Amino acid sequence: MSDRQPPDLIAIRQGKVKNLVHANLAGIDLAEAQLANADLSQANLMGAMLTGANLQRAILRANLRGADLSGADLTGADCRNADLRGANLLDAQSSQTSFAGAFLGGAILSHLDLSGADFRGADLRGATLIGARLDRADLSNANLSGADLSQADLEEATLNGAVLRGTNLTKANLLCAQVEQAVLTGATLKGACLEGTPLMPIRN
């Protein structure tokens, strides 16, 4: 039997196919694939290997559960309402990426530059965001229960209505963050910078 990949998969990797709506690419190796501007709406990329892939401005409103996106370029990508539960985004480029309404439970986003990112209404329960840059990010109504945000930069971030139940915010920077109606039951704030926030009087 030949080990040669099917022509359509080769074309996808080379960026010759842009319409991948509803495509079934579960578990497929798409490492370093050229998928800039591709439409992957409702595609099945569960467990797919997308390491180092070029996903600039791609529409990724898809099933990416357990996908490996480490080192991928997600600049300007539309990840709204995407299922990224358990996905690995280490070293990914994520400038101007929208994660509004996305499911990111258990996802790995440590040390990512997510400055100004849109996480409104996102589900980040149990996600790992150690040392992530989330300054000016909009996390309004996001669920961050049990997430690890230790040493994260949340300066001027919007956390209004966010659920931070049991969230680890050890040594996080919450300078001038907005936290109106946020739920912080059981959150760890040891060593966190709380200047300019209503949480300033709180001490753990």
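1. Secondary structure. Helices (H or I, at least four residues) and strands (E, at least two) are taken here as DSSP runs, numbered from the N terminus. The model is a predicted one, in which local features need pLDDT of at least 70 and side-chain atom pairs count only at pLDDT 80 or more, whereas totals for chains, interfaces and linings use all residues. Residues are numbered from 1 along each chain as its sequence is written, and side-chain values use heavy atoms, with hydrogens and water left out.

2. Overall dimensions. The C-alpha trace spans about 65 × 25 × 20 Å along its principal axes. The radius of gyration, taken over C-alpha atoms, is compared with a globule rule of 2.2 Å times the number of residues to the power 0.38. For 204 residues a compact globule would have a value near 17 Å, and the chain has 18 Å, which agrees.

3. Contacts along the sequence. Contact means heavy atoms within 4.5 Å. Among contacts with a separation of 6 or more, residues 24 or more positions apart account for 0%.

4. Residues are called buried under 20% relative accessible area, exposed over 50% and partly exposed in between (1.4 Å probe, protein chains only). Of the 204 residues, 49% count as buried.

5. Nonpolar core. A nonpolar core is a set of buried Ala, Val, Leu, Ile, Met, Phe, Trp, Tyr and Cys residues joined through side-chain atoms within 4.5 Å. The largest such core has 70 residues, and those with the most contacts inside it are Leu55, Leu114, Phe119, Leu124 and Leu129. Leu129 illustrates the arrangement: leaving aside residues up to four places away in sequence, its contacts include Leu109, Leu114, Leu124, Leu134, Leu144 and Leu149. In soluble globular proteins, nonpolar side chains tend to be buried together.

6. Aromatic pair. Rings of Phe, Tyr and Trp (its six-membered ring) pair if their centres lie within 6.5 Å; planes under 30 degrees apart count as stacked, over 60 as edge-to-face and the rest as tilted. The count by this rule is one aromatic pair. Phe99 and Phe119 form that stacked pair, at 5.0 Å centre to centre with 10 degrees between the planes. Both residues lie in the segment after H1, so the pair ties together parts that are 20 residues apart in sequence. Phe99 is buried at 1% relative accessible area, and Phe119 is buried at 0%.

7. Salt bridges. A salt bridge is a side-chain nitrogen of Lys or Arg within 4 Å of a carboxyl oxygen of Asp or Glu. The structure holds seven of them. In one, Asp83 pairs with Arg85, the closest N and O atoms being 2.6 Å apart; Asp83 is buried at 13%, whereas Arg85 is partly exposed at 33%.

8. Arg133 forms a salt bridge with Asp113, the closest N and O atoms being 3.8 Å apart. Both lie in the segment after H1, so this pair ties together parts that are 20 residues apart in sequence. Arg133 also meets Asp135 in a salt bridge (3.4 Å, N to O). Asp135 is buried at 6% relative accessibility. Through shared partners, salt bridges join Asp113, Arg133, Asp135 and Arg136 into one network.

9. Backbone angles. Asn81, although not a glycine, has a positive phi of about 65 degrees, and it is partly exposed at 45% relative accessibility. Glu156, also not a glycine, has a positive phi of about 60 degrees and is partly exposed at 43%.

10. Two further residues. Arg13 is in helix H1 and counts as partly exposed at 23% relative accessibility. Thr158 lies in the segment after helix H1 (7-13) and is buried at 17%.
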